[in-house]
Amino acid sequence: MSDRTMRWQVLLLIFLFLSSVVGQVTYSIPEEMSKGSLVGNIAQDLGIEVKRLKSGRARIYTEDKAEYIELNADRGLLLVKERIDREALCGQTTPCALRLQITLEDPIEFFSVTVEINDINDNMPAFKKEEMRFRISESAVIGAKFVLERAMDLDVGVNGLQGYSLKPTDNFNLKLQNQKDGSKKVEMVLQKHLDRETKDHISLILTATDGGEPRLSGTMRVDISVLDANDNAPVFTQEEYKVTVKENVPKGTIMCTVNAVDADEGSNGNVLYSITNTLDDVPNVFQVSEESGVVSLIGYLDFEKTQIYEIHVQASDDGGLTDSCKIIVEVTDTNDNAPSINIMSKTNSVSEDSKPGTVVTIFNVQDPDSGENGKVACEIEEQIPFFIKATSKNFFSLVTDSELDRERASEYNITVSCSDEGVPSLSSSVTLTLQISDVNDNAPVFERSSYEAYIVENNTPGLSIFTVKATDADWNQNARVSYILEDSSINGVPVSSYVSVSADSGVIHAVRSFDYEQIKDFQFHVKAQDGGSPPLSSNVTVKILIQDQNDNPPQVLYPVQTGGSVVAEMVPRSAEVGYLVTKVVAVDVDSGQNAWLSYKLQKATDRALFEVGLQNGEIRTIRQVTDKDAVKQRLTVIVEDNGQPSRSATVIVNVAVADSFPEVLSEFTDSTHDKEYNDNLTFYLVLALVVVSFLFITCLVVIISVKIYRWRQSRILYHSSLPIIPYYPPRYSDTLGTGTLQHVYNYEVCRTTDSRKSDCKFGRAASQNVLVMDPSSTGTMQRMQGEKSILDEPDSPLEVS
């Protein structure tokens with residue numbers, strides 16, 4: 001859109017809303033004026049100077065945007081821009097006008113101009129058809145009316161359609177009737193009898209005229225054919241015909257031929273035949289030849305539907321005179337219908353606990369054939385627990401013959417076959433689907449008579465162990481199995497504290513973490529219960545076996561590792577190869593291969609001197625002890641089990657290689673004084689002092705009997721601690737059942753007092769003597785007998801005598 005156009009539209013809007021000088025002029029012009037024709041002097045009529053039209057940039061605006069009128073601003077004239085057709089512009093609407101608006105700028109002025117378009121007689125009346133044809137019998141009565149077509153004229157007012165005329169008027173005249181819509185109904189009325197023998201064809205001219213100047217008109221030709229009067233009617237040779245036919249005859253079979261005679265000549269003597277039945281289906285089954293009168297079959301005959309047909313045949317001539325006759329067609333039966341099975345009442349399902357004789361379905365069998373062709377018998381083809389019972393004529397019942405079992409057969413497809421006694425026999429069948437509804441007559445059955453499952457100890461609580469599964473032969477709710485943990489106790493603890501059972505899936509979960517060393521197996525009962533009413537259930541025994549896990553390291557029973565004392569085994573320098581130094585005793589509370597122990601020497605002061613038995617833990621010498629061997633020997637023995645992964649424990653064995661106690665004491669004193677003592681050492685020190693005090697009084701009596709020559713040796717023990725060296729009891733058995741230690745040791749115990757003037761020598765055979773090197777005890781000796789340990793437990797593989 002250009003800027004000037006937009007500006008003009010804006011100005012137009014301003015004109016509509018501002019109070020400006022408004023003027024109005026009306027012109028009246030005829031339609032069809034040529035282009036450039038003068039409409040009016042707008043400058044003069046509005047009282048505006050021509051220069052004002054130029055300076056104000058005068059514009060014309062039309063509401064419908066059709067530019068039929070233009071403004072010549074130079075002359076101040078309104079001119080025809082395009083040819084105006086009043087009929088195209090306004091149709092039948094009157095008056096017809098163009099409404100224009102003329103706008104001026106600087107200052108703004110607005111003027112309305114109305115141009116009325118006057119009609120001229122430029123359209124003549126016209127008929128849609130050029131000719132109308134009528135066939136009128138010479139016997140038509142006076143006053144008979146025949147409607148003629150109306151003419152159309154696009155002009156209005158006096159220029160529109162004004163009247164009609166019909167010529168010639170020898171036999172007919174014209175009658176006009178006013179209609180509600182303003183138009184007129186045109187009728188041709190017979191005013192004189194027609195005589196075909198005198199004139200068999202009449203041609204008339206219908207003229208329509210308008211009222212314009214000059215007057216215009218349109219014509220249509222009316223062609224009338226006069227028909228001969230029929231004086232004689234056709235007559236059939238017989239009034240009734242009879243035909244017998246089988247129902248299975250094919251289409252096209254001729255039933256009979258009818259005949260009628262007309263005494264007239266020409267077309268009045270030409271007879272045509274037709275079937276006049278209207279209230280039945282005879283016209284769909286039979287037809288008659290229009291000219292020959294031959295009646296034939298065009299449909300199918302059905303004895304079961306219609307046994308007798310009455311065919312009414314009419315004979316007519318061209319004049320419309322008629323005669324009629326009747327044809328009786330008798331249809332005979334053939335066995336062309338199979339029995340029809342109609343279900344009257346049907347049960348879709350029957351309970352499996354229904355008693356024999358229960359009616360399942362009632363059906364009716366119809367055979368529309370007659371005689372033997374319509375007699376029907378029914379039977380069941382399969383060997384199923386049902387039979388057919390005849391209740392009344394053509395009515396049968398399907399009843400149960402024996403007890404039903406849904407678990408054996410949940411559905412029956414029962415085929416009922418019915419046959420007639422015709423030749424050949426015809427039959428039909430129907431298949432009935434019968435569902436056997438379930439009753440809760442089966443308890444759940446577990447897949448096994450008992451279950452046994454394994455779970456490794458130290459399991460995570462909530463772990464799924466395994467699943468019990470029970471099936472119920474019933475259906476739906478009656479087969480919906482729920483699993484329930486039966487109440488019982490294991491070692492006084494409810495079984496629900498050990499396991500739980502998922503009610504829906506039967507999954508057994510561990511409620512707690514199991515410890516094989518506390519419980520190795522347990523059993524409980526699980527009940528499977530269906531959802532029937534009343535519910536049925538069954539039980540099964542479930543045994544859970546706890547599998548051992550290598551979760552316990554070996555425990556060293558001997559030698560006992562003390563917190564503040566040094567325990568040493570004494571080996572004489574005269575010991576031979578294979579000398580039994582001591583035996584490491586260990587146990588593992590696990591089972592199986594997790595408890596199989598092996599002993600290895602991990603560290604040693606002199607690896608070439610000692611070895612450890614892999615299976616029995618015996619520490620023996622592997623060579624001859626010499627004087628060069630150190631007195632203090634420290635062995636680290638590792639004990640491993642056979643689990644995966646294996647666990648182990650270590651024990652330190654102190655061995656003293658010496659022939660006398662003074663040599664041993666001096667060596668171990670140096671080492672023990674270098675140790676750091678913990679807070680518990682005070683307790684052991686007090687206990688040692690009490691024991692040493694007791695032993696001091698006892699040994700004082702014994703020292704008197706000791707030889708005097710030991711006096712010098714006792715001085716060495718002054719201000720030193722006396723070690724206690726343990727050895728195996730004579731009947732101390734090993735874990736592998738290899739027997740007891742064979743050696744009996746005699747230890748010499750020396751005691752000295754502050755006087756440094758006496759010594760004694762004391763020996764004891766086959767007794768348990770232990771030398772304890774306690775740094776806090778100076779010059780004391782402790783005799784330990786029968787120390788309680790875990791070896792005293794009855795389950796221990798060690799024996800203490």
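Visitor: Is glutamate 105 buried or exposed in this structure, and how should I read that?

Guide: In this model, which is predicted, glutamate 105 counts as buried because its relative accessibility is 8%, and buried means under 20%. Arginine 57, at 28% relative accessibility, counts as partly exposed.

Visitor: What do the side chains of glutamate 105 and arginine 57 form?

Guide: Side chains of opposite charge can pair when their charged atoms come close. Here the side chains of glutamate 105 and arginine 57 meet in a salt bridge, with 2.5 Å from N to O. Glutamate 105 sits in the loop between strands E6 and E7, while arginine 57 sits in the loop between helix H3 and strand E3, so this pair ties together parts that are 48 residues apart in sequence.

Visitor: Which residue forms a salt bridge with arginine 221?

Guide: The partner is glutamate 131, and the closest N and O atoms of the two are 3.3 Å apart. Because arginine 221 belongs to strand E14 and glutamate 131 to strand E8, the pair ties together parts 90 residues apart in sequence. Arginine 221 is partly exposed at 37% relative accessibility, and glutamate 131 is also partly exposed, at 24%. Both belong to a network of salt bridges that links Glu131, Arg133, Arg221 and Asp223.

Visitor: Is lysine 51 buried or exposed?

Guide: Lysine 51 counts as exposed, since its relative accessibility is 61%, and its side chain meets that of glutamate 49 in a salt bridge of 3.8 Å, N to O.

Visitor: How many salt bridges does the count come to?

Guide: The count comes to 19 salt bridges.

Technical notes:
Residues are numbered from 1 along each chain as its sequence is written. This is a predicted model: local features need pLDDT of at least 70, side-chain atom pairs count only at pLDDT 80 or more; totals for chains, interfaces and linings use all residues. Side-chain values use heavy atoms; hydrogens and water are left out. A salt bridge is a side-chain nitrogen of Lys or Arg within 4 Å of a carboxyl oxygen of Asp or Glu. Buried means under 20% relative accessible area, exposed over 50%, partly exposed in between (1.4 Å probe, protein chains only). Helices (H or I, at least four residues) and strands (E, at least two) are DSSP runs, numbered from the N terminus.
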